[in-house]
Each structure stands twice: as C-alpha cells, then as structure tokens.
Amino acid sequence: MKFLIYRYDPESDKKPFMQAFELADDEIQPGMMLRDALLKIKSQDETLAFRHSCGEGVCGSDAININGANGLGCLTAVSSLKQPIEVRPVPGMPVIRDLVVDMSQFFKHYRGVKPWLIVHDSEPEVEYLQSPEDRDKLDGLYECILCGCCSTSCPSFWWNPDKFRGPAALLQSYRFLADSRDQATEERLEDLDGPYRMFRCHTIMNCVNVCPKSLNPTAAINNIKKLMVKDMV
Amino acid sequence: MSIHAQGMRAWLLQRLSGAYIGLYLVVALLVIGFGPTLDYTRWHALLSQPAISIATMVFFYSILIHAWVGIRDVLVDYVQLSALRFSILMGLALGLISMGIWVSMILFSVVSL
C-alpha cells in the first residue's frame with residue numbers, strides 16, 4: 001500500500017515536501033485504520049510527527065487531510081482510500097511539524113463563545129433541573145469532539161481565521177443557546193452579531209461534509225440566525 | 001440603507017430583498033405570459049399605474065440592496081487591504097446609488113398620478 005505524506009520540519013527544511021512510503025501487503029490487516037498505518041510508517045521513519053491518542057474517534061487529536069478531505073485517521077479505513085494515500089496536515093493552520101498543526105487560533109475562538117453555562121439566578125440548592133424534552137434539544141450539539149475538521153475545511157475560516165469564529169465554535173455557541181438552563185441568550189447573540197464572528201458563514205457546508213461525528217454546524221448557525229430574528233421582533 | 005448595515009441586519013436585508021425579487025419575478029412572468037402582447041403602449045399603460053410603478057421601484061431597489069450586501073460579502077472575504085476594500089466599496093456604492101436614481105427617474109417619468 002502506497003502513501004504520500006506531507007513532511008516539514010521548520011528547523012531543517014526550507015519548504016514542505018511530500019515523502020513516499022510503502023507498507024507491505026502482509027502489514028495491512030482487514031479493517032485497518034489510517035492511524036494504525038501511520039504508526040507502522042512511523043516505525044520505518046521515527047522522525048514522522050503526528051498527533052493521536054484514543055484511537056476511537058473520541059479525543060479528536062488526529063484530524064488530518066486525507067486524499068484532499070479532512071477526517072480522523074482513527075476512523076478512516078485504509079481500504080476505503082485511493083492509492084497513493086495522500087496525507088497532509090489540516091489546511092489553513094500553521095504547521096508545527098509534519099502533520100502537527102498549531103490549534104491555538106481554533107481554541108481561542110472556542111473560548112470566545114464562552115462554552116459553559118451562564119446562570120444569573122442564585123444557585124439552586126440541589127441541582128439545575130432540565131426536562132427530558134429540553135435535554136433532547138442538545139442532541140447533535142454536545143457530541144462535538146473539537147477535532148477541528150470542520151473549521152479547517154471552511155473557506156470562510158481560511159480567509160478570516162482571526163475574526164470568523166468557525167463552524168466548531170459556532171456549533172458550541174448554539175449548544176449553550178439551546179440549553180434551557182442557560183440564561184445568557186441576549187449576551188451570546190449580541191456577541192455574534194457584526195460582519196465577522198458568525199456572518200462570514202456563507203452556508204458552503206464543507207463543515208457538514210467532513211464532520212467525523214456527522215454533526216451539522218450549518219444547521220446550528222441557521223438556528224442562531226433564527227434566534228437573532230426572534231430576538232429582533 | 002446605511003452602508004454600515006452589517007451582521008444580522010445585512011443578512012436579513014439580503015433575505016428579504018431576495019424574497020421580494022423572487023415574488024416580483026413570478027408575478028411579472030405571469031403578467032407577461034398570460035396578458036396580451038407586450039408592446040410599448042402596454043408597457044406604458046402598465047407602468048403608469050402607481051401601484052405597479054411602486055412595486056417595480058421596490059423591485060429595482062431590492063436588486064441594488066441585494067447586490068450591495070452580496071458584493072460587500074465577497075469583498076470582505078477576498079480584499080483584505082482596508083484602503084483598497086474601502087475604495088472599491090465607495091465605487092460600488094456610487095454605482096448602485098446612481099442606478100437607483102436613474103431607474104427612479106425613468107419610472108417617475110412614466111407614472112401618472
């Protein structure tokens with residue numbers, strides 16, 4: 001099985017290049033995921049750098065660009081991919097080394113939407129109650145693992161990475177706007193108004209296309225817009 | 001509309017103007033398709049009615065607003081240099097406003113009050 005992997009070490013390389021690797025057929029097990037293949041390649045060349053952790057699509061560490069589309073190495077079966085399998089870092093982010101990118105900007109936007117419950121009432125004696133129906137409204141929102149596949153495949157995020165929140169952060173913003181226990185709807189909506197933070201989204205829907213958890217940030221963004229219209233009238 | 005309309009307001013204006021453009025076009029196509037042949041006298045008769053004249057004016061203004069928001073969106077994405085973006089936006093605003101004045105003058109010259 002043939003691989004072409006993006007290599008770049010800013011300390012020694014003048015510019016990035018693609019390096020060819022090959023794994024013998026007996027090294028490929030049925031149902032083998034790309035992450036396992038990368039680990040085998042790493043045993044051939046220890047200098048190859050990439051992030052990974054749980055290997056089950058839960059930690060969100062191993063977002064990479066696979067044959068032109070973002071995805072998680074641990075959830076992508078190598079047998080489903082056209083050869084040579086081209087592996088690159090997720091686009092639009094500064095490369096630290098090889099497949100490892102600097103996610104600071106991404107997490108800055110995540111923090112920017114205040115991804116926690118804001119309650120102005122005095123704290124209840126026991127716990128914050130929520131009806132099962134209200135809890136259901138969080139389905140499709142809370143499952144995000146913050147891998148960044150969506151935001152780094154979004155052209156609006158590429159053009160304005162410092163100002164546009166990006167699909168991942170906006171999905172998280174709606175996760176708290178939709179929460180019956182949250183009391184900061186006004187502040188959250190006000191914060192997202194203006195030309196950049198949310199309204200750079202042009203419903204290109206690359207985010208929906210690549211989300212490894214099959215979530216729909218575009219729908220969440222539309223729901224935020226609906227809340228804004230409701231808030232206006 | 002203010003050239004500073006941004007975020008929610010711009011988005012809403014674009015949706016509303018788009019909806020009006022669509023509605024007007026459907027009605028206009030029905031009138032053209034099912035009415036008698038459109039010659040100069042019929043155009044003149046149609047547009048001299050104040051209601052139709054106003055609806056047509058709103059249609060052209062909607063196109064101008066829709067174009068303003070849409071082109072500004074593209075410029076905000078692709079033209080990162082503020083001075084250049086500002087100059088293009090000013091040129092665009094000037095062009096759109098003159099078109100608005102021009103279309104108003106034409107419609108006013110036909111309408112009979």
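A salt bridge, as the term is used on this tour, is a side-chain nitrogen of Lys or Arg within 4 Å of a carboxyl oxygen of Asp or Glu. With that criterion, a search of the whole structure finds 15 salt bridges over all chains. The model is predicted, so that local features need pLDDT of at least 70 and side-chain atom pairs count only at pLDDT 80 or more, while totals for chains, interfaces and linings use all residues. Residues are numbered from 1 along each chain as its sequence is written, chains are lettered from A and ligands numbered from 1 in the order in which they are written, and side-chain values use heavy atoms, with hydrogens and water left out.

**Stop 1: one salt bridge within chain A**

Select Glu22(A) and Lys2(A), whose side chains meet in a salt bridge with an N to O distance of 4.0 Å. This pair links distant parts of the chain, 20 residues apart, with Lys2(A) in strand β1 (residues 2-7) and Glu22(A) in strand β2 (residues 17-22) of chain A; strands here are DSSP runs of E with at least two residues, helices are runs of H or I with at least four, and both are numbered from the N terminus.

**Stop 2: two backbone features**

Move to Asn67(A), which has a positive phi of about 45 degrees although it is not a glycine, and which sits in the loop between β3 (63-66) and β4 of chain A. Then select Pro84(A), in the loop between β4 (69-72) and β5 (85-88) of chain A, where the peptide bond from Gln83(A) to Pro84(A) is cis, with omega near -5 degrees.

**Stop 3: the two domains of chain A**

Colour chain A by its domain assignment, which gives domain 1 (2-101) and domain 2 (104-232), the bounds coming from an automatic or database assignment. Taken over C-alpha atoms, the centres of the two domains are separated by 29 Å. In terms of contact (heavy atoms within 4.5 Å), 13 residues of domain 1 meet twelve residues of domain 2. Together the domains bury about 930 Å², 67% of it on carbon and sulfur atoms, where buried area is the accessible area (1.4 Å probe) that two parts lose on being put together, summed over both. Select Asn70(A), Pro91(A) and Met93(A), which supply 43% of the area that domain 1 buries against domain 2, more than any other three residues. The count of salt bridges between these domains is zero.

**Stop 4: chain A against chain B**

Show both chains: 13 residues of chain A are in contact with eleven residues of chain B, and the two chains bury about 1200 Å² between them, 59% of it on carbon and sulfur atoms. How many salt bridges are counted between chain A and chain B? The count is two, and the side chains of Arg200(A) and Asp77(B) meet in a salt bridge at 3.1 Å, N to O.

**Stop 5: the largest cavity**

Finally, select Cys144(A), Cys147(A), Cys150(A), Cys211(A) and Leu215(A), which among the 14 lining residues lie nearest the centre of the largest cavity. A cavity is a set of points on a 1 Å grid over the protein atoms alone where a 1.4 Å probe fits but cannot get out, and lining residues have an atom within 4 Å of a point. The volume of this cavity is about 110 Å³, counted as the space filled by probe spheres set on the points, which are joined across faces, edges and corners. Helix α5 (residues 167-177) of chain A gives the largest share of the lining, three residues.

Notes. On a 1 Å grid over the protein atoms alone, a cavity is a set of points where a 1.4 Å probe fits but cannot get out, and a pocket is an open set with protein on both sides within 12 Å along at least five of seven lines; lining residues have an atom within 4 Å of a point.
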